[in-house]
Amino acid sequence: MLFGVVLLLTALIVTVLGARRLTEDERVEKWYADGNVWPPQWQPETEGMKRLMEHREHEIMTQIYGGDERWENFLQYTQSRAVPAFTERGFDVVPIPKKIFEKLKKAVEVGIENWDNLRSEGNIDVIYHDSDKEPKFVDLGPLQRETINELKTMHEDWWGGGDLKATSAYGVRLYLNGSSLVMHNDKVHTHVISSIVHIAHEYDNDDEPWPIQIEDHDGNLHSVNLEPGEMLFYESAKCLHGRMTTFKGRYYGSIFLHYQPVDPQVWNWHVDDIINLVPPHWSEGIDRSEGKGSRWCGAAMSVDSRVAEGAPHLKRNGEIIRHTVPHNFTAIHPPPVKNPDSGEWLLYPLEEDVSVNGEEL
Ligand SMILES: [Fe+2]
């Protein structure tokens with residue numbers, strides 16, 4: 001009996017210790033012991049991607065002083081450099097198979113006809129919206145599972161890396177007027193090969209669509225408009241994505257599908273792996289008095305060049321340093337370049353002299 005209790009206690013202690021997060025000193029020690037170097041050599045990167053990543057780090061280190069916000073930005077940044085790429089560009093737009101699209105469209109139409117009965121999704125960390133514009137949700141019932149199962153083979157054909165396991169189907173989410181979505185990388189373990197299946201939208205003005213922004217494997221930022229009946233395949237743990245402009249319209253409805261490679265030799269990334277790869281210098285210059293940080297928004301990127309409209313302004317010591325200004329992205333935005341003489345970054349200039357609603361900085 002006593003022996004049994006001791007065994008149980010030992011097992012408990014091992015379990016607790018095993019699950020314990022490393023201290024920062026231990027994490028840094030492990031980082032070096034594992035042979036990491038900086039800039040990292042984990043994956044092959046094109047010249048464009050290297051420039052984008054160098055610029056990203058420059059922005060994180062010079063704009064973000066709150067400890068939590070700095071850490072979250074570094075986690076996202078590290079994840080996008082750590083995990084491998086599979087497809088040529090990282091995303092593609094294709095038509096949704098007609099049969100399943102018709103079913104989804106019907107379900108959304110029924111939901112919209114019963115607008116007042118649609119449930120609200122509540123407040124979501126990564127979406128900016130007015131307080132009365134929380135996203136709505138159309139419950140699909142069994143059609144949700146049918147969709148993710150039915151489209152699995154298409155995802156396997158697209159990424160070309162073998163069998164996939166469906167890990168999550170979410171939607172239909174209806175974003176409402178004034179929403180924007182922070183730029184982020186998806187959950188590294190389960191959201192590997194994904195798609196946004198776009199079903200319906202109602203814009204105020206068709207000339208003002210609501211594109212998704214996504215980075216490709218060469219460091220370009222794309223703005224992609226989806227039409228109802230189109231779906232976006234994307235490597236969602238690898239490619240930073242979001243919707244940095246605000247949506248102007250009544251609703252924008254999509255379902256999100258996520259898959260994970262079945263073979264653990266191909267993909268066995270966990271969030272702890274990413275944590276362990278964050279470089280030791282991430283915390284240099286952190287200002288403890290800044291708390292979480294002025295634009296902290298959970299697991300997302302909040303530097304100027306990737307901040308979503310609707311985000312709080314960039315502040316330091318309670319003073320606004322820069323307003324979050326509206327973005328105007330072209331369809332494709334190349335990676336930043338440096339002035340060869342001065343070494344200054346030429347693209348994504350910091351918004352030093354803007355006025356917003358007549359209010360000068
Ligand atoms: Fe996402």
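Mentor: Happy to! The protein chain has 361 residues, and its radius of gyration of 22 Å agrees with the value near 21 Å that a compact globule would have (taken over C-alpha atoms, the rule being 2.2 Å times the number of residues to the power 0.38). Keep in mind that this is a predicted model, in which local features need pLDDT of at least 70 and side-chain atom pairs count only at pLDDT 80 or more, while totals for chains, interfaces and linings use all residues. Residue numbers start from 1 along each chain as its sequence is written.

Along the principal axes, the C-alpha atoms fill a box of roughly 70 × 60 × 40 Å. The chain holds 8 helices and 17 strands (DSSP runs numbered from the N terminus: H or I of at least four residues for helices, E of at least two for strands). Taking contacts (C-beta atoms, placed from the backbone, within 7 Å) between residues at least 6 apart in sequence, 80% join residues at least 24 apart.

Now for the close look, at α5. This helix runs over residues 98-113, and its 16 residues reach 22 Å from first C-alpha to last, close to the 22 Å expected at 1.5 Å a residue (the expected span being 1.5 Å times one less than the number of residues). Its buried residues include L104, A107, V108 and G111. They lie on the same side of α5, because they cover an arc of only 95° around the axis (the arc of the directions from the helix axis to the C-beta atoms). An α-helix has 3.6 residues a turn, so residues three or four places apart point the same way. On the face turned away from that buried side you will find K98, K99, E102, K106, V110 and E113, which are exposed.

What lies over the buried side? The cover includes helix α6 (142-150) and the strands β5 (164-176), β7 (193-203) and β12 (249-261). In soluble globular proteins, nonpolar side chains tend to be buried together.

The covering strands also have a place in a sheet. β7, β12 and β5 are among the members of an open, antiparallel sheet of 7 strands, ordered β1-β10-β7-β12-β5-β4-β2. Its edge strands, β1 (91-95) and β2 (119-120), each pair on one side only (pairing needs at least two DSSP bridges between two strands). At the β2 end, 2 bridges join β2 to β4 (residues 136-137) in the antiparallel sense, and S120 stands opposite K136 in β4.

Key
Two residues are in contact if their C-beta atoms, placed from the backbone, lie within 7 Å. A residue is buried if 20 or more other C-beta atoms lie within 10 Å of its own, exposed if 12 or fewer, and partly exposed in between; C-beta atoms are placed from the backbone.
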